[in-house]
Amino acid sequence: MKLYTNPASPFARKCRVIAHELALKLEEVNVNARDDDSLRAVNPLKKIPALVLDDGSALFDSPVICEYLNDVGGGKFFPGLSVWRPTSGRWKALGLQALGDGIMDAAVACRYESTQPEERRNRDHIARYMATVKAGLDALEPMSFSETPSIGEVTIGCALGYLDFRYADLGWRDKHPKLADWFAKFSQYPSMLATAPS
Ligand SMILES: N[C@@H](CCC(=O)N[C@@H](CS)C(=O)NCC(=O)O)C(=O)O
């Protein structure tokens, strides 16, 4: 299996963490999704991550790839069907994943906007993206996380790792001490250390 990825991508990191945890061998192809038009032949959306299987077919996006890797590797990152409960089970895991993906969407879009040449930069967009990141962090602060990480915890870990990587001055820990404590431990998993953004 070949993963189109980039060491800075938090979405690709989710897949790399799951693969690492399940000892799945992935050939990693590093691409710059914004600039590399050849990526469209793999993923018509021209985004990473994309996973090319041995038969040449491709899977995207990160929730699909992570669930596929979880199935192939016999993992437990996607809890089985459960009734809706905000505190446990499948819907908690998928809900957390959606929140983490949303924070990453806003943080990545903000990064793209902020690195535009001054005359093309849209400050309203930047403010809107950062408001989403901050509201996402506020929503996470009162939540409790499972000792047995699901795709939800993995996604939140990758989202926070991306904030530290691209927004080192954000100071999110000041107003989110509970989340900061959780991340201090979660970020020490060998799979998180091995996939730290660069
Ligand atoms: N929903 C997608 C988002 C993936 C995504 O936005 N990836 C970024 C890199 S971190 C990308 O490829 N951006 C290229 C672009 O938007 O042109 C997922 O979960 O995989």
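**Fold, helix faces and ligand shell of the predicted model**

D61 sits in the loop between β4 and α2, where helices (H or I, at least four residues) and strands (E, at least two) are DSSP runs, numbered from the N terminus. The peptide bond that joins F60 and D61 is cis, with omega at about 0 degrees. This is a predicted model, in which local features need pLDDT of at least 70, side-chain atom pairs count only at pLDDT 80 or more, and totals for chains, interfaces and linings use all residues. Residue numbers start from 1 along each chain as its sequence is written.

As for the overall build, the protein chain has eight helices and four strands. Going along the sequence, the pattern reads β-α-β-β-β-α-α-α-α-α-α-α. The radius of gyration of the protein chain comes out at 17 Å, close to the 16 Å from the globule rule for 198 residues, so the chain is as compact as a globular protein of that length. That radius is taken over C-alpha atoms, and the globule rule is 2.2 Å times the number of residues to the power 0.38. The C-alpha trace spans about 45 × 40 × 30 Å along its principal axes. Of the 198 residues in the protein chain, 34% are buried. Here a residue is buried if 20 or more other C-beta atoms lie within 10 Å of its own, exposed if 12 or fewer, and partly exposed in between, with C-beta atoms placed from the backbone. Among the contacts in the protein chain with a separation of 6 or more, 65% are between residues 24 or more positions apart; a contact means that the two C-beta atoms, placed from the backbone, lie within 7 Å.

Now the sheet. The four strands make an open sheet with mixed pairing, in the order β2-β1-β3-β4. Two strands pair if DSSP finds at least two bridges between them. At the edges stand β2 (27–30) and β4 (58–59), each with a single partner strand, so one side of each has no neighbour in the sheet. Strand β3 (residues 50–52) runs antiparallel to β4, and the two pair over two bridges. In this pairing L51 stands opposite L59 in β4.

Two of the helices show how the burial is laid out. In helix α2 (residues 62–72), the buried residues are S62, I65, C66, L69 and N70. These residues cover an arc of only 135 degrees around the axis, which puts them on the same side of α2; the arc is that of the directions from the helix axis to the C-beta atoms. An α-helix has 3.6 residues a turn, so residues three or four places apart point the same way. The cover over the buried residues of α2 includes α1 (10–21), β3, β4 and α5. After α2 comes G74, with a positive phi near 65 degrees.

Helix α7 (residues 177–186) has L179, W182 and F183 as its buried residues. They span an arc of only 100 degrees around the axis, which places them on the same side of α7. They pack against α4 (123–140) and α5 (151–166). The other side of α7 carries P177, D181, A184 and K185, which are exposed. Helix α4 also holds R123, an exposed residue with 9 other C-beta atoms within 10 Å. From C-alpha to C-alpha, R123 and C110 are 9.7 Å apart in space, and 13 residues separate them in sequence.

P49 lies in the loop between β2 and β3, and a cis peptide bond with omega of about 5 degrees joins I48 and P49. K46 is in the loop between β2 and β3 as well. Phi of K46 is positive, near 55 degrees, though the residue is not a glycine, and K46 counts as partly exposed, with 16 C-beta neighbours inside 10 Å. A23, in the loop between α1 and β2, is another non-glycine residue with a positive phi, about 50 degrees. A23 is exposed, with 7 C-beta neighbours inside 10 Å.

Finally, the ligand. Around the ligand are S9, F11, A33, R34, K46, K47, I48, P49, D61, S62, D101 and V108, where near means that the C-beta atom, placed from the backbone, lies within 6 Å. This shell has five nonpolar, two polar and five charged residues. Ala, Val, Leu, Ile, Met, Phe, Trp, Tyr, Cys and Pro count as nonpolar, Asp, Glu, Lys and Arg as charged, and the others, Gly among them, as polar.
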